[in-house]
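Thanks for coming. I have one structure to go through today, so please look at the screen and I will talk over it.

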Amino acid sequence: PQGPAMIDVFPNPCVSHVVITLDHIRKEDVRIVLHDMLGRESLVLHNGPIAADGRILLDVSALPVGTYSLTVESEFGRATQLLVKR
């Protein structure tokens with residue numbers, strides 16, 4: 001089986017919220033994590049199942065301004081993309 005894929009991360013750069021659209025999600029749990037540019041885990045945004053349409057709204061308003069690595073993990077793999085917080 002193929003791991004998760006991020007189809008869209010919008011808006012990017014973001015200010016307070018971001019919508020992630022995922023593909024290749026089955027009924028497995030998904031963990032969404034932000035890491036800073038030094039690789040340290042900054043925030044776990046989600047840990048559990050995703051809606052059937054593959055979309056999830058995430059609140060990043062508490063994060064400091066900067067560039068982060070957004071990682072989506074499931075038992076089948078991982079996908080990573082940069083996210084800029086303004």
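E73 forms a salt bridge with R31, and their closest N and O atoms are 3.6 Å apart. By salt bridge I mean a side-chain nitrogen of Lys or Arg within 4 Å of a carboxyl oxygen of Asp or Glu. This pair links distant parts of the chain, with E73 in strand 6 and R31 in strand 3, 42 residues apart. Strands here are DSSP runs of E with at least two residues, numbered from the N terminus.

Before going on, the provenance. This is a predicted model, in which local features need pLDDT of at least 70 and side-chain atom pairs count only at pLDDT 80 or more, while totals for chains, interfaces and linings use all residues. Residues are numbered from 1 along each chain as its sequence is written, and side-chain values use heavy atoms, with hydrogens and water left out.

Back to E73. R78 also forms a salt bridge with E73, the closest N and O atoms being 3.4 Å apart. R31, E41, E73 and R78 are linked in a network of salt bridges. The cut-offs are under 20% relative accessible area for buried, over 50% for exposed, and partly exposed in between, with a 1.4 Å probe and protein chains only.

The count comes to four salt bridges. One of them joins the side chains of D36 and R40, at 2.7 Å from N to O. D36 has a relative accessible area of 15%, so this residue is buried.

An open sheet of four strands has the order 4-3-6-7, with antiparallel pairing; two strands pair if DSSP finds at least two bridges between them. Its edge strands are strand 4, residues 41-48, and strand 7, residues 77-85, each pairing on one side only. Neighbouring strands of this sheet are turned by 20° against each other on average, direction ignored. The axes behind that angle are lines fitted to C-alpha atoms, and angles run from 0 to 180 degrees between N-to-C directions. Strand 6, residues 66-74, is joined to strand 7 by nine bridges, and V72 stands opposite A79 in strand 7.

For reference, most peptide bonds are trans.

Which residues have the most contacts inside the largest nonpolar core? They are M6, I20, I32, L34 and L70, in a core of 20 residues. A nonpolar core is a set of buried Ala, Val, Leu, Ile, Met, Phe, Trp, Tyr and Cys residues joined through side-chain atoms within 4.5 Å. Strands 1, 2, 3, 5, 6 and 7 each supply at least two residues of this core. Leaving aside neighbours within four places in sequence, L34 is in contact (heavy atoms within 4.5 Å) with residues including R40, L45, V60, L70 and L83.
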